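Here is a friendly tour of the salt bridges in one protein model. Have the coordinates open as you read along.

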Amino acid sequence: MGYVQQARENSVKKKVEEALRSRMKQKALKECDHYTTKYAECASGRTMSIVWKCRKQAKELNECLHQYTNDSVLEEMKKEYMLQ
């Protein structure tokens with residue numbers, strides 16, 4: 001099997017990839033809801049001080065979100081889509 005043919009088989013259409021990314025982000029937000037709530041509570045009523053007052057909560061939220069929104073997760077979702 002040639003490289004071009006293999007690339008075509010492994011690729012998904014742009015619209016499908018966008019939909020998969022959207023689903024991935026929705027799942028991440030659902031899984032990290034606890035951290036989102038903590039960050040929102042910290043940020044409530046603040047403007048500029050959010051940056052340093054809520055740094056810990058922002059870091060925790062970003063770490064959680066990254067577990068569910070990275071290239072390997074997207075590739076797994078693409079594989080599952082291709083198998084369907």
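## Reading the accessibility labels

Partly exposed covers residues between the two cut-offs: buried is under 20% relative accessible area, and exposed is over 50%. Glu75 has 38% relative accessibility, so Glu75 counts as partly exposed. Please keep in mind that this is a predicted model.

## The overall count

How many salt bridges does a search of the whole structure find? The search turns up five.

## Helix α2

Glu17 pairs with Arg21 in a salt bridge, with 3.2 Å between the closest N and O atoms. Both residues belong to helix α2 (residues 14–31) and sit four residues apart, about one turn of the helix. Is Glu17 buried or exposed? Glu17 is buried, because its relative accessibility is 17%. Arg21, at 34%, is partly exposed.

## Helix α6

Helix α6 (residues 71–83) holds both Glu75 and Lys78, three residues apart, about one turn of the helix. Their side chains form a salt bridge at 3.5 Å, N to O. Lys78 has a relative accessible area of 12%, so Lys78 is buried.

Glu76 and Lys79 form another salt bridge, the closest N and O atoms being 4.0 Å apart. These two are three residues apart in helix α6, so about one helical turn separates them. Glu76 is partly exposed at 42%, while Lys79 is exposed at 51%.

## A linked network

Which residues are linked with Glu17 in a network of salt bridges? Arg21, Glu75 and Lys78 join Glu17 in that network.

Terms used:
Residues numbered from 1 in each chain as written. Predicted model: local features only at pLDDT ≥ 70, side-chain atom pairs only at ≥ 80, totals over all residues. Heavy atoms only, no water. Buried < 20%, exposed > 50% of the residue type's maximum accessible area, 1.4 Å probe, protein only.
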